[in-house]
Each structure stands twice: as structure tokens, then as C-alpha cells.
Amino acid sequence: MAKNMTINLRIWRQKGPEVPGKLVDYTVSNASEHMSFLELLDVLNEQLIASGGDPVEFDSDCREGICGSCGVMVAGIAHGPQQLTAVCQLHMRSFKDGDTITVEPFRARAFPIIRDLVVDRSAFDRIITAHGYVSVKTGSAPDANAIPISKDAAEEAMDFAACIGCGACVAACPNGSASLFTAAKIAHLALLPQGQVEASRRVVAMVDQMEAEGFGDCSNYAECEAVCPKGISVAGIASMRRAYMKGVFSK
Amino acid sequence: MSDEVANSMSELSHSPRLDAKVPAGRLQEKWDAYKDAVSLVSPANKRSHNILVVGSGLAGASAAATLAGLGYNVKCFCIQDSARRAHSIAAQGGINAAKNYPNDGDTIWRLFYDTIKGGDYRSREANVYRLAQVSSNIIDQAVAQGVPFAREYGGVLANRSFGGAQVSRTFYARGQTGQQLLLGAYQALSHQIAAGRVTMLPRREMLDLVVAKDRARGIITRHLVTGELERHAGDAVLLCTGGYGNAYYLSTNAKNSNVTAAWRCYKRGAFFANPCYTQIHPTCIPVSGDYQSKLTLMSESLRNDGRVWVPKDPKDTRAPEAIPEDARDYYLERRYPSFGNLVPRDVASRAAKKECDAGRGVGETRLAVYLDFGAAIRRLGVQTIRDRYGNLFEMYERITGDDPYKTPMRIYPAVHYTMGGLWVDYELQSTVPGLFVLGEANFSDHGANRLGASALMQGLADGYFVIPYTLGAYVAGIRQSEGIPESHEAFTAAEEEAGARIDQMLNNKGDKSPTQFHRELGRLLWDHVGMARDRTGLEEATGAIESLKDEFWERIRVPGSADRFNKNLEFAGRVADFIELGSLMARDALRREESCGGHFREEFQTSEGEAVRNDEVFADAAAWEHTDRRPVLHLEKLSFENVHPTTRSYK
Ligand SMILES: Cc1cc2nc3c(=O)[nH]c(=O)nc-3n(C[C@H](O)[C@H](O)[C@H](O)COP(=O)(O)OP(=O)(O)OC[C@H]3O[C@@H](n4cnc5c(N)ncnc54)[C@H](O)[C@@H]3O)c2cc1C
Ligand code: FES
């Protein structure tokens, strides 16, 4: 049978971007080792509604680690202590009965807080809009097998394409850099012949946008890779830098 | 004549309100004939038309990107903070296309035939044929966008097989096919945003459709951060808002998936077709406790190599590894020798339920069966299995704490997909002119049961390749001067109604949370409108749902206020709509006195427990019209001119 657990939570509460926030203590006494961390927050919120309190706001959608909606700092770590796991898939069996866990939003200059644990990550969309795509309109595509792509290239592209855009990399980075996110998209497309045509323009436009959004520089801490739920490699960042320098000078 | 009689008389005939507008001619030539004849809109005129695309999943993102590429002015809306997070992102297994790259005998006809048969002969031939025709273009388009599909060593695309087919026509990107296809569409959308042709409005929820002078004129949305109600006028509205599986509370759908947008359209005159057709997916991780917030799918592709079994003896509670071969019942292989573990979803789900009902279920709750990779690992080696399913195995272990390389997975069916949805004609237009419905939100192509890897195909077919033509036919026929401004009284009225509902929920200050109501509704639907249905249960559910609806408005408690980010307020509105939908689902299930696809009526089965369809009376799509009194039924009679409906057999 599943073990019953008591969990103490210290959760960041903040009513809006301009209002100061603070940590507030809560206790959930009927947690189970099989529940996910977000289910623990669900239980807390039901408790708060029943007692006339104000439930804790947080983003989530798929709850299976693929949409990138969720993301909070659990005990100081983006997405919590379990590696390669988004917080929606973090299960309470990673904790002990009686633990006190601090929960805070992803913090970065480019991610303003909306409310409680909800932050504004629209800067990521603007980086993709800068040129995170292949400029192909519907209808003009050749047969899918017209250009052979080696299995290794396709697999490596997929490794980078697996990014879920959750923002953990930014939250973990001491500089609040979005280098891992940006480099992942650049690498995904640069590894495929379809993406190579515009590779140079792409890297310049995306990196410039990243800076314009207020993300910091990369100083090779690699904290981003450590918390990435999809294990995206920092190797992409080095290639992005080289390609950026080349791109800027050839302009 | 009483209403009942009027209804039963209308059962005999096709409703004049449902003109499917299927082009004349041979099945194979209909779509080309349509495209040859359809009116075109000049580039200058396209620029002057505003198109509202609600939803940014595969259907919405592909439609918005394509229409913007053609020159229309597009506004695109989604609930999530980014278009890239739409529920389509979670699709795992793959997408079908009749490319026949493996040279194993696939053709457009076969994909068409498998889809019609898989849908248990409850879909429209012409739509399904068109879907099969454009399927190949989708793969071409995705590859051109940089979607990293799996490949063979020679550099060509790889395929796998899926349930309900005997050819390999499924393309995939590891277990993240939906993610990669959606990112492709999202990037195409971003390209058009950069070009200034699409305005993207995330964190918006559509709360109503604005209809005036008999046409869809725009929508009302709530800004989910500020709470503001907003008006958006458009020349056409494309509803791409996904399915309603979350009516059951527990499903494999994302937490924000909802019926609200579709339900508001229903209340404004769009007919809702076949609401009782829901797909219960056979391979999901079983429920573990009361706190459960959603169910996780284990891709159907696992059934390519996994074998489903239960112990022969219900009292055999040994660990699975300790149960010898001769004490195991591989019941799918036994009952369906030719398709074995690859029978379609409805068949596999019901078979699992049957074993568990007979007491042979496994695990703590006894509501599970084994999906075993032992034989495949011995045959192919761990590495091959890891290459094929590595990320799914990891996900399983993260959730359950068990390692499927060592011990069989435990799985149980869960609500997954809804074949029902707003009724649309061949042009994807609903019964409200100017309102088009794409993707899972419409009822069209999957009949009573959807085959695996066909939803991604349909969403993208609708968005990339169908709507660009059919929307043109509508737009060419409207005059700019006919549009109404956002200050029009129809907008004011709709906005006031939406606001009043929000206030009512907030001011009620009852004692039950939205989630409590949602769970109760879910239990009712799962028990009575789930995998097996019967008259008594459906009648009971109908009454119980009506009471739940009354109770909702008496006892709902929504914390906080309307002018801020407020997830519980969002949920409350969606639950209220799910309750009303639940009642229509039960009504539709009650009327359909046959078993077909995902709809299984206990009263209509063979002695072996196989479904019994009734083509004489029920070869139709049941489209419900909202009225103030009770829903009125309209029928689209389905005619099969190219395939002959037979008893679906996978034996
Ligand atoms: C776990 C899982 C795995 C699956 N795997 C496969 C597979 O392998 N192959 C396959 O073919 N199919 C699969 N499916 C089915 C398939 O993913 C869906 O049917 C399909 O993605 C639906 O796409 P859609 O564009 O119609 O809607 P969705 O992707 O659901 O998108 C709906 C959009 O509408 C928006 N929206 C909804 N309501 C509102 C509102 N009121 N206001 C504003 N916006 C709104 C949402 O924000 C979202 O952007 C799977 C489904 C699940 C749940
Ligand atoms: S909720 Fe989708 S990744 Fe966590």
C-alpha cells in the first residue's frame, strides 16, 4: 500500500509583477508517495479553497513532461531534485515524510512574475519568431525522401529538437541566460539540410533577439544542462557562438 | 404530435438542414473536381479579410500559418502561455500517410478503407478519401519544416505499424511525434508572425461566438492574466479547440483541454454530432489514488512488441515473472489470431475490461493487465527495445517506480480522444455559416472509432490542405461591407452574458470547488457512458447529471476575483459546460441502439461479446441542435457507395 506522508511547504506568494512577494508556510498531511508534485499542490489548493483561502497559482497542462508549461524551483532546483524530470513528473517518492520543501517561481530578468509561481516566458516565443524556423510556405515541399538525411544527423537533430521550452535553463543560470534554449533550436535546424539554407541569418537574428529580451550571457556554468528535463547538451552553445561570430562578420 | 413522435419520425430520413455538400463524381475525383471549381480570392482581397483561428494545436497552427501565407489577416488564440504548448504536443506514437515507402502494398485506397472500417462505417466516405489523398503531402511539408522524423541508415524515412492496419505507414519522431509536428507548425506560424500576417494572442480563452445576421461574426475572449473580456470581429471563425475527453475528468488529455469553445458554438446554433463517440485507449498507466489529476498514455506503438496477458487463474497473485507461460492467458492473441496485440483500440480496451470484470485483473486495484516485453527483449535484445521505446519506458518508471525492462508494465484503458464534435460539411463548415471547425473539435473523419496515428494526420490535413481551399469558397461569397463592427449590439450582448456567468460563479460563494464537481461528473460518465453502456445506466446518468447541474449553480465556490489570473475561475466555467455536454453524451448514447466503435451498448452484442451494429437504422451521424427546451436531433444519413459495410472482424 502507498505510504501516507506529511509534507511542509514554503511557497512563494506574490499578487502581481509590481507587488512584493513572500514565502508562506503550509502543511499537507495526506500526501501519498505515488502522487506527483503538482498533485500535491492540487491537494493543497483544494484545502485552501475549502478553508476560504487563496489557492496557489501555477502553470501546468500536459502533466507528462512534454508541453513545458510547468516549472517551479523545488528546494532551490529548477523542476526539483530528480534529474531529467519536469516538475509535473516529479513524484513524492523522491521526498521523505515530514520534509519541508521550498517552492518558488522561475526567476529571471526576462521572465517577469505574473502571480505566485506563474511567470511570463513570452520572450522565448519572440526568440523563435526572430528566425527559429525554416522559411517554407505550405504546399511548396518536395517529396519527403528527396533529400536523404543520415540517421545520425536525424537523431542528433532530434536530441536538440526535444527541448520543451520550459525555461528551467534560464532559471538555473546565474546569468539568466537563454543560451541553451536558443542554441537547441539553432542546432536542431542546422543539423538538417532543410535548415542549413538560412543557418547563418538564423543564428544572428536569434542571438540578437535573445540579448534584446534581457537574457544574460553564457559563462559556461552548465547549470542549464544539469536541470534540463530533456537533457539538452550545452555542446550546442559553443557551435552557436562560433556560427554567430561567422554570421556577424559575413554580414 | 408529441416531440418524441416527431423525433422518431425524423429518424427515418435525412435532415434537410444537413447538406454535406459532397461534390459529385467518382470518389477518387471529388477533391480535384472541388478544387477545379472553387472560387479563388485575389491576393488583394485576401489582405482585407480577417480570419480568427481559435486554437494553436496541429489544426489551428497549421491553418493559421497557411492562411497567413496565402495573404489573409489572421488572429490566432490559445489558452496556454505559448502556441507551442497546445495539447497536440503530447501525441506520442506517430502519423499515418499512404506514402508506401516500405513497398508493402499500401495505397490511398487502403488508408481510406482502413480508416472507414476502423471507424466502424460511421464516417463520410468523401471526407475520409480526401484525408487519405492529402496524407502524403503532410509528411513532405513536415520534412521541409525540419521535423526530425526517424530514419533508416540509408537516409530515408522509417515507418512503423499501428493498430488496425496490416501495412507500415506510420511516421514517427521517437515517442514525440506530436511534439515535433507541432513545433514544425508553430515555427511556420512564427514565420508568419514575423512577417506581420498573424497576431498571436496566447493566454486567451474563447467564451462565446458572436452570431449576427445568421453568420459567425467574431468571438468574445477572456484575457487570462488581466481577466479582461475582449471582442474580436472577423470574416470567419475557425474553431480548432481540440476534443472534450476531459468531460470524464480523468483522461489522457492535457489539463486545459475543454469543450467550452465548441459548447458555446453549439448554443449559438452549431449542431453537435455524435457526442457519445469517445475513444478509450487501451494502454494507459492505471489510476493510483483519489488525488489523481490525469492519466498518462503509453503509446499504442508499444503493442508492436509488447504482449498483453493476465494470469489464467484469478487467484494467481504471484509476481508476473514467477508466472510460467502456461499459466498466462495472452487473451488478444487467443481471441484475435490475425491481428493479435494490434487489434484496434476499442476492441483492445473492451477485452481488458472483460478480463478485469472477470476478476483476472492484476496489481493493487486489480484494474490492470500486463503489457510484457520479455519475449521481445529476448528476441531483439535490450538495445533495440531501448531504441524503439526508451523514453516511454523511462516515463513509465518515473510515474510508477517500476522498471519495464525487468517487469511487465501494468496498463488499463483510459479516455483518450473524442470522435464526436461539431458537425461540419465537406468544406469543414458548421451549421453556422462562417464558422469552420478543424481537428479533433469536429466530428468528421473517424466515425465511431479513430485508428492510431490518424488524429495528427487529420488535424494537419484540415489545416494545411483543406481549409485553404474551402475557406476561399466562403470568403469569395461575402462582401466586406456586410461585416459588423466590434461595437455592434451582438458583441455587447455576448460580452455581457459571458461577464454575467463569471459574476454568478464568483458571487455564489458555495461550498464545493470546481474540481469536486468535475470529479463527480467524471465518475458518472465513466461508470455509465464509458466503455460499456446500457439503457438503465444511461437513464440513471441522465437524471444524475441534471441534478449535478442544479447543484453546481447552488453550491459552486470559486475563490478570488475576475480581474486577475485565476485558474479556478477558468476551471469552473469549463466544468459547467462539461456538465451540460455530459447530459447530451448520455442522450446520444441512449438513442444509438447499436454497438459500434467506441460506443458499446451491452444490449447489442454477440454471445462472444463482439459488437453488433445496426446499419438499417443507425448508418448516420446524429447531429443535435440546441433549443431552449431540449436538444433536437437531425440526421445525416451515410451512404456507402464505394465500400460495403461488413462486420468488422480482426479475428
Ligand atoms: C497523450 C496523447 C497521445 C496522442 N498520440 C497520438 C498519436 O500518436 N497519433 C495521433 O494521430 N494522435 C494522437 N493523439 C491525438 C491527437 O494528439 C489529438 O487529437 C490532436 O493533437 C488534436 O489536435 P487539435 O489541433 O485538434 O487540438 P489541440 O492540440 O487539443 O489544440 C487545441 C487548441 O485550442 C486551444 N483552445 C481550446 N479551448 C479554447 C478556448 N476556449 N479558447 C481559446 N483557445 C482554446 C488550446 O489552447 C489549443 O491551442 C494523442 C492524444 C493524446 C492525449
Ligand atoms: S505540465 Fe507539461 S511539461 Fe509539465
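A residue is called buried here if 20 or more other C-beta atoms lie within 10 Å of its own. Keep that cut-off in mind as we go, and remember that this is a predicted model.

**Stop 1: helix H2 of chain A**

Select residues 122–131 of chain A, which form helix H2. Which of its residues are buried? Colour A:Ala123, A:Phe124, A:Asp125, A:Ile127, A:Ile128, A:Thr129, A:Ala130 and A:His131, and you have them. That makes eight of the 10 residues in H2(A), so the helix is mostly covered. Now show what lies over them: the cover includes H5 and helix H7 (199–212) of chain A, together with H7 of chain B.

**Stop 2: the whole of chain A**

Zoom out to chain A. The C-alpha trace spans about 60 × 45 × 35 Å along its principal axes. Of the 251 residues in chain A, 55% are buried. If you draw the contacts between residues at least 6 apart in sequence, 71% of them join residues at least 24 apart.

Next, colour chain A by domain: domain 1 covers 4–104 and domain 2 covers 121–249. The centres of domain 1 and domain 2 of chain A, taken over C-alpha atoms, are separated by 30 Å. Where they meet, domain 1 of chain A gives 12 residues to the contact and domain 2 of chain A gives 10 residues. How many charged residues are on the domain 1 side? There are no charged residues on the side of domain 1 of chain A that touches domain 2 of chain A, which has seven nonpolar and five polar ones.

**Stop 3: where the chains meet**

Bring chain B into view and select the contacts between the chains. Here 62 residues of chain A are in contact with 63 residues of chain B. On the chain A side, several elements each supply at least two residues, among them helix H1 (37–50), strand E6 (113–115), helix H3 (151–161) and helix H5 (179–190). Helix H2 from the opening stop is also one of these elements. Colouring the chain A side by class gives 27 nonpolar, 19 polar and 16 charged residues.

**Stop 4: the whole of chain B**

Chain B has 18 helices and 19 strands. Its radius of gyration is 24 Å, close to the 26 Å that the globule rule gives for 651 residues, so chain B is as compact as a globular protein of that length. The C-alpha trace of chain B spans about 75 × 60 × 50 Å along its principal axes. Buried residues account for 59% of chain B.

To look inside, select the largest nonpolar core, which has 288 residues. The ones with the most contacts inside this core are B:Val54, B:Ala64, B:Leu189, B:Leu238, B:Leu239 and B:Leu422. Centre on B:Ala64: leaving out residues up to four places away in sequence, B:Ala64 touches B:Val53, B:Val74, B:Cys76, B:Leu189 and B:Val198.

**Stop 5: the domains of chain B**

Colour residues 281–415 of chain B as domain 1 and residues 489–626 as domain 2. Six residues of domain 1 of chain B are in contact with six residues of domain 2 of chain B. Which helix gives the largest share of the domain 1 side? Select residues 345–357 of chain B: this is helix H10, and five residues come from it. By class, the domain 1 side has one nonpolar, one polar and four charged residues.

**Stop 6: ligand 1**

Show ligand 1 and the 46 residues around it; B:Gly55, B:Gly57, B:Ser88, B:Gly242 and B:Gly439 come nearest. The shell divides into 19 nonpolar, 24 polar and three charged residues.

**Stop 7: B:Asp208**

Finish on strand E6 of chain B, where B:Asp208 lies. Is B:Asp208 buried or exposed? B:Asp208 counts as buried because it has 25 C-beta neighbours inside 10 Å. Beyond its neighbours within four places in sequence, B:Asp208 is in contact with B:Ile219, B:Ile220, B:Arg264, B:Ala494, B:Glu497 and B:Ala498.

Notes
Residues numbered from 1 in each chain as written. Chains lettered and ligands numbered in written order. Predicted model: local features only at pLDDT ≥ 70, side-chain atom pairs only at ≥ 80, totals over all residues. Contact = placed C-beta atoms within 7 Å. Helix = DSSP H or I, 4+ residues; strand = E, 2+ residues; numbered from the N terminus. Nonpolar A, V, L, I, M, F, W, Y, C, P; charged D, E, K, R; others polar. Domains from an automatic or database assignment. Near = placed C-beta within 6 Å. Rg over C-alpha atoms; globule rule 2.2 N^0.38 Å. Buried ≥ 20, exposed ≤ 12 C-beta atoms within 10 Å, placed from the backbone. Core = buried A, V, L, I, M, F, W, Y, C linked by C-beta atoms within 7 Å.
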